[in-house]
Amino acid sequence: MRPSDPRPSATRPSATEPSGARLTAADHALLLRLLDARTAGPLETGGDTDGVHLWEAGREYTAAARQLGMSVVLHGAPPDDALRRDDVPAPVREAAADPAFLACQPSLVLRLGPADVPRHATVMFNVHLDTVAGWWPPSFDGVRFSGRGAIDAKGPAVALLAGIRAARAAEPALGTRIGVLVQAVAGEEGGALGTFGTRPLVEAGLTGRLNLFCEPTGHRYLPRATAAMTACVRVRGDDAVDDRPEAGHNATVLLGFLGHHLATTLPGRAPGARVCVAGLHTGDRHNKVYGSGRLLLNIAYGDRECGRAAEAALHETVRDGLAAFRDGARGHPTLARTAHDADAITSVHWLKRGLPALNGPVGTATWAEELLERDCGIAPWPADEPAFTCDALWMSDVPDAFTAVFGPGGLDANRAHADGEYADLAALDRYADELARILVAFARRTLTTPETTDPVHHAMKGTTP
């Protein structure tokens, strides 16, 4: 933690009083409508574009935001060339060959305050309205909301509006001299990693001096976000009948061996990275030897240097694993051909790599730490607890900005991405109150230490069909 701000205490705003922010009955109804909307994108649903209701969810959210005095900056998808970059994950580029892919996944940006409020006087919130697949009828029993997206992240999205409403009632400068931007994005889930949701909005300058990404962190603020890269170890050999397995290549045995080797060896060669040896697939039949297959690995890293080192370590570990497989399998008749040809039939392909990571504020950010911790009573994420991957990584190169991930609940505790995902009303109420405190404290600090050098926002053009 950085030392405290040395300015005299008289120049600092007083600690923000409790706002009493709570979700109203109308907020409860809005959340149930959002949970009812099936907003899993085509990457999650196997390519279905007709069943994606992100336009409808965005309109529901907009209607509620307009009641707070917010206006629409844009509601639409970015141009196709947003996905023609080398760092866009391969599955995303492939899916985008269908024009309906982007068309059914708009992002929404809302603004509170005039368009000419400078960035240093603006808070930006990012929340995603898309979800993973797996829908069931939402419910609310007066204590707990259940439904896909309850905690990740439709519940936080509704709590955000409740927090803005309470903050505006407490501080008249919000919406006049202090601006609020809300990015309600698509493309956070499904492995898209914000490449067509958050990134275009950040590059359009739709950010603030303080930027909060509404993801479950247990009410702690996390100024880091890992990036992830995905490698596919592919074997392309000859199949064989089960009665003559020696006639072909056994991709199942080879990839199984490499999977164990990578899981036990690669983490030690890639310090600072988190290695997940994931799916392995060759075939489903019992009476066939499969000569081809693939093994997937996901590697999370905290900065680009760590990512490059992990990438090199993966290639080295695969080479070593192939050598170990040859040594151990060449004496077994049914595996002799696989051992002999292992190098020739095995290759590594990158489905995703080169993404940035958010590894803390650039330059001094004492003002933000004091605002969150002292003024608002928000605890920091423990320094020794690993971060996780989310769209906040796109803020890594934005200057003069403080970015953190901050939200209620936990990805694991609240069963995000699993059956039975839920959010407790008490946690959402608490989150709304915390966001209101943050907005009021930011406004009062900014008004006592004004700056005039930051540019105003330049919006992308959006469409609403």
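Modeller: Happy to! Asp-400 sits in the loop between strand 17 (379-380) and strand 18 (402-406); strands (E, at least two residues) and helices (H or I, at least four) are DSSP runs, numbered from the N terminus. Asp-400 has a positive phi of about 55° although it is not a glycine. This is a predicted model: local features need pLDDT of at least 70, side-chain atom pairs count only at pLDDT 80 or more, and totals for chains, interfaces and linings use all residues. Residues are numbered from 1 along each chain as its sequence is written, and side-chain values use heavy atoms, leaving out hydrogens and water.

Colleague: Is Asp-400 buried or exposed?

Modeller: Asp-400 is exposed, with a relative accessible area of 57%. Exposed means over 50%, buried under 20%, and partly exposed in between (1.4 Å probe, protein chains only).

Colleague: And what about Arg-415?

Modeller: Arg-415 also isn't a glycine, and has a positive phi of about 60°. Arg-415 is in the loop between strand 18 and strand 19 (422-424), and counts as partly exposed at 40% relative accessibility.

Colleague: Which peptide bond is cis?

Modeller: The one from Asp-152 to Ala-153, with omega near 5°. Ala-153 belongs to the loop between strand 5 (144-146) and helix 6.

Colleague: Switching topic, how many residues does the largest nonpolar core have?

Modeller: That core has 73 residues, and Ile-164 is among those with the most contacts inside it. A nonpolar core is a set of buried Ala, Val, Leu, Ile, Met, Phe, Trp, Tyr and Cys residues joined through side-chain atoms within 4.5 Å. Helix 12 (residues 425-448) gives the largest share, twelve residues.
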